[in-house]
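Work through the exercises below with the sequence and the model in view, trying each task before reading its solution.

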Amino acid sequence: MGMAEEIVTQPNYEKLCSTILNSSEHIRFTGFVNDKSKILHSAQRDNLDSLLSDHEIGMSIHYTLERWRKAQNFTFRLGKERLTFTEYDHVTLVTIPFKGKLLLVSTEPRISYDPIIEKVNSILTDWEKM
Amino acid sequence: MENGTITYVQSLREDLGIFRVTPENGVPDFKAGQFLTLGLPLESKIVNRAYSIASSPENKKFFEFVIRWVRRPLPGRLTSLLFNAKVGDKISWAKPAGNLTINNTLASGEKDTRRIVCIGGGTGLAPFVSFAQHLHDTNDKREIVVLHGASYVDELSYKQLLTDLENESIDKGKDKWNFKYRAAISRPEEWTNRAWNGHKGRIEQFLRSNDDGKSPLDELVGEKITKDNTMFYVCGWQGTIDGTMDYLKTKNFVTEKNKREDGSYEVKFESYG
């Protein structure tokens, strides 16, 4: 007799991060966090120095999630949040909600963002169909 | 409805605040643990909503409330008005009501001397802040334990007051004032909670037995919790009530709503979700 098995479909975050990172040479970092600030997986381009310390990365994720939670307070009026940009002098941070998680992408600053976002969204759409 | 004025607003977080309402004609008699219906005008109508009273019946100056501004899926109408109100704004209120009150006698009619354990999830702490101050001000000799569950440390709305009450218990001695307060943080891994070194997890896990058969609550009070030595009061989301009852049912505790034929029970609860 075989035991019943529950099949839970979860995105393969490792592969997804790798695909997104490799979709543009301008992307420095990509990662997924859940609503409890846990990094599910992340990938960073080789040979790049991190701009933040580990402690500062935790703080940065906290600020990002706080902003995301607060933005959801307007969902009933404005619909779902799809994308945010924060452009600093040294880096641009992009967040995209995906299946209840938050995709974090950092890129070089002051580049043409549209093609990058189009690629990332296309990758996410393909993964959603899987 | 009676008239009153908002006389104090303390913002604890963007979505959590302490509010005081001073009635025009004084605070009426009420029982610790009851709620009050507040009303504010919106588009030529009065919008009403009930909130648990956090102040004690002995406080005749004002009613106090701790209120969370929940906005998902939709923001509450009165709570939204309250979080946009200013000190000095007029507010209406209806007489206190509710049954989450302290039992002083057993079903047999004898005096209830059992330990009181209060479990509050989030702003479900409010009635137990009222309990604690009332039992303190009336020199009640029962042992009182207040357990508060929150997601984040900045939601521990009455930490200072309840810690002071516990310290007073230590200073005076248990024979004079017997009070303990503990909190649990359910998201300890989040950055906001990085300095939290207390209990981690859901508040009802205070009742879960460890490998040695004792629960953290057993250890806190120094004996096994039984239906003969402890009365539970629970307030919070339905998940907190259900989680608590999952532990207590195995110990043959029953709720007021399912009391025994002789009228006895050991759990009173109020759910706001």
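**Exercise 1.** What distance separates the centres of domain 1 of chain B and domain 2 of chain B, taken over C-alpha atoms?

*Solution.* The model is predicted, so that local features need pLDDT of at least 70 and side-chain atom pairs count only at pLDDT 80 or more, while totals for chains, interfaces and linings use all residues. Residues are numbered from 1 along each chain as its sequence is written, and chains are lettered from A in the order in which they are written. Start with the bounds, which come from an automatic or database domain assignment: chain B is divided into domain 1 (2-97) and domain 2 (115-271). Their centres, over C-alpha atoms, are 25 Å apart.

**Exercise 2.** Find which residues make up the contact between these two domains.

*Solution.* Counting residues as in contact if their C-beta atoms, placed from the backbone, lie within 7 Å, domain 1 of chain B contributes 17 residues and domain 2 of chain B 14 residues. On the domain 1 side, β5(B) gives the most, with 4 residues (strands are DSSP runs of E, at least two residues, numbered from the N terminus). That side divides into 10 nonpolar, 4 polar and 3 charged residues, where Ala, Val, Leu, Ile, Met, Phe, Trp, Tyr, Cys and Pro count as nonpolar, Asp, Glu, Lys and Arg as charged, and the others, Gly among them, as polar.

**Exercise 3.** Describe how chain A meets chain B.

*Solution.* In the contact between the chains, 9 residues of chain A meet 9 residues of chain B. By class, the chain A side has 2 nonpolar, 5 polar and 2 charged residues.
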